[in-house]
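Biologist: Could you take me through one part of this model, a polar contact and the surroundings of its two partners? I would like to know where each partner sits and what lies around it.

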Amino acid sequence: MERRFELNKYGKIYSISLEVNSYMDGNLAIQMYSWEDGYPEPWDFLTVNLEGKREKDCAFIDTNHNGQEILVWIIRNGLAVPAGRYGRSGYCSYPEYRFKETLLREIDPKGYENYIESSAGAGK
C-alpha cells in the first residue's frame, strides 16, 4: 500500500491508498485506506460485490457510499475504465469498471496475486 492518491471529499483532501483483495466468490475487491495520521485506517470499499462472476479485473463501483464523483476520481487517477455494464441491488445501480492489471499489481502486488488465486479457485 505504498502508492497514494489524493481524494477531495467533505471539503478536505485525503491521502488514499488501495488494497487489492477478493470477495468470497473470487470477484475483485478493493478497499480504500486513509492516511490522515501517518498510518493507514480503513476508509471504505471502492467496490461492491453483486451476484454473479465478474470478468478478470472487473468490479462494480460502490457509488452508493462513495458518490458518483468517485467515478471521475477513478478515471483521473488512471485506475480503471467503464466496462459499459451496470449491476443492481435494491434501488441502487452500480457501474462496472475494468481495472488496469499493471496498476493493480503496482499498488498491491501480494493482494493482486491473492485475488488471481482466489478468482481461479472460485470457479472450481
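**A serine pair and its surroundings**

Modeller: Gladly! The side chains of Ser22 and Ser118 make a polar contact at 2.9 Å (a pair of N or O atoms within 3.5 Å; within protein, one must be able to donate a hydrogen and the other to accept it, and residues adjacent in sequence count only if both atoms are side-chain atoms). Please keep in mind that this is a predicted model, in which local features need pLDDT of at least 70 and side-chain atom pairs count only at pLDDT 80 or more, while totals for chains, interfaces and linings use all residues. Residues are numbered from 1 along each chain as its sequence is written, and side-chain values use heavy atoms, with hydrogens and water left out.

Let's take the two partners in turn. Ser22 belongs to strand E2 (strands, E, have at least two residues and helices, H or I, at least four; both are DSSP runs numbered from the N terminus). With a relative accessible area of 18%, Ser22 is buried (buried is under 20%, exposed over 50% and partly exposed in between, using a 1.4 Å probe and protein chains only). Not counting residues up to four places away in sequence, Ser22 touches Asn27, Ala29, Tyr115 and Ser118 (contact is heavy atoms within 4.5 Å).

Ser118 has 24% relative accessibility, so it counts as partly exposed. Leaving aside neighbours within four places in sequence, Ser118 is in contact with Ser22, Tyr23 and Gly26. Met24 is 94 residues from Ser118 along the chain, yet their C-alpha atoms are separated by 8.1 Å.

Now follow the strand that holds Ser22. E2 covers residues 12–22 and pairs with E1 in the antiparallel sense over five bridges (strands pair if DSSP finds at least two bridges between them). The bridge partner of Phe5 in E2 is Ile16. E1 itself, residues 5–9, has Phe5, Leu7 and Lys9 on a covered face, with Glu6 and Asn8 on an uncovered one. Two residues lie between the strands of this hairpin, where Tyr10 takes a positive phi near 60°.

Tyr10 also brings us to the rings. Searching the whole structure gives four aromatic pairs (ring centres of Phe, Tyr and Trp, with the six-membered ring for Trp, lie within 6.5 Å; planes under 30 degrees apart are stacked, over 60 edge-to-face and the rest tilted). Tyr10 and Trp43 form a tilted pair, at 6.3 Å centre to centre with 40° between the planes. This pair links distant parts of the chain, 33 residues apart: Tyr10 is in the loop between E1 and E2, and Trp43 is in strand E4, residues 41–45. At 64% relative accessibility Tyr10 counts as exposed, whereas Trp43, at 24%, counts as partly exposed. Together with Tyr14, Tyr10 and Trp43 make one aromatic cluster.

There is a charge here as well: Lys9 lies over the face of Tyr10, at 5.5 Å from the ring centre (NZ of Lys or CZ of Arg within 6 Å of the ring centre and within 35 degrees of the ring normal). Arg4 lies over the face of Trp35, at 3.6 Å from the ring centre.
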